[in-house]
Amino acid sequence: MTQSKNTVGGFDPEPDARATNDVEPTSLEREHTTPPARAPLADASRPTADGAPSEPLRVDPLADAAELARNGDLQEAATAYRSYLTRHPEDVPGRRGLASVLEQNGDFIGALGELGRAIDAQPDDVSLLCSRAAVQMALQRYDQAEADLRRASKLDADSAEVLYNSCMLLCKKARRREAIAPLQRAAELDSSNSQGHYYLGEAYNQTEQHKLALASYEEAVKLQPTNYRALKGVGIVLDKLGRPAEATAAYQRARDAQRR
């Protein structure tokens, strides 16, 4: 999904000692809860000190829903999005926002439904296709994910979001060596994406390129200090490089970040 948000809820079980390749799809950190400027606004009057009406207050329901999601109030955010969508059922940003909240809350089937409706309205939206592919990956529906990513690649072959998600699929299918070149290209296109560097570190680590893996993991941590999976990757590689004291410190940082 787009984007270098250092994002799109929930962590998977701990990875094994060789790598940390079970990052949740939303780990590419798509930010779909921010509403566009065109979102419909509701007015509310506010009296002035002398009792005369002032300029109306402008209330943005999508912004309110997004704020609830950012604060971790996922149930309230979902309710707010659904309330908005009953009045504006064709609104794609609203569908996108609700899908993101449902995904973070572990309702992947619900998220797929909302993304499907959004894609029906905007079939050539690359970010929506990547988002649906990521949810399909979470459900281990790799064929469906690959179909969405192929469609997205035809629309924009040089999209960093498409490349990252395609490489994530390769990693999940244990084809990490194939993922290295496109991940390198994606990092060139979008160097601020923490999860992209994390996945590049995973690919290097699994192919025994430990120094390159360490550099990629450390870049991911630099961009997102709370990326506990990248921190754990740092520890794993430092152990392999015979630097146990530094590895222990990295593991502790990973545990601290995971508790946040």
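**Exercise 1.** Describe how helix 3 (residues 92–104) packs on helix 4 (residues 108–121).

*Solution.* Step 1: the two helices pack at an angle of about 160 degrees, with axes 8 Å apart. Axes are lines fitted to C-alpha atoms over the stretch in contact, and angles run from 0 to 180 degrees between N-to-C directions. Helices are DSSP runs (H or I, at least four residues), numbered from the N terminus. The model is predicted: local features need pLDDT of at least 70, side-chain atom pairs count only at pLDDT 80 or more, and totals for chains, interfaces and linings use all residues. Residues are numbered from 1 along each chain as its sequence is written, and side-chain values use heavy atoms, without hydrogens and water.

Step 2: helix 3 and helix 4 are therefore roughly antiparallel (angles over 145 degrees).

Step 3: residues in the contact (heavy atoms within 4.5 Å) include Leu 98 and Leu 102 of helix 3 and Leu 115 and Ala 118 of helix 4.

**Exercise 2.** Describe how helix 4 packs on helix 5 (residues 126–138).

*Solution.* Step 1: their axes come within 10 Å and cross at roughly 160 degrees. Step 2: that makes helix 4 roughly antiparallel to helix 5. Step 3: the contact includes Phe 108 and Leu 112 of helix 4, and Leu 128 and Val 135 of helix 5.

**Exercise 3.** Which residues does Val 234 contact, leaving aside its neighbours within four places in sequence?

*Solution.* Step 1: Val 234 is in contact with Leu 214, Tyr 217, Glu 218, Val 221 and Ala 250. Step 2: Val 234 is also among the residues with the most contacts inside the largest nonpolar core, which has 65 residues. Such a core is a set of buried (under 20% relative accessible area, 1.4 Å probe, protein chains only) Ala, Val, Leu, Ile, Met, Phe, Trp, Tyr and Cys residues joined through side-chain atoms within 4.5 Å.

Technical notes: Angles under 35 degrees count as roughly parallel, over 145 as roughly antiparallel, 65 to 115 as roughly perpendicular and the rest as oblique. Buried means under 20% relative accessible area, exposed over 50%, partly exposed in between (1.4 Å probe, protein chains only).
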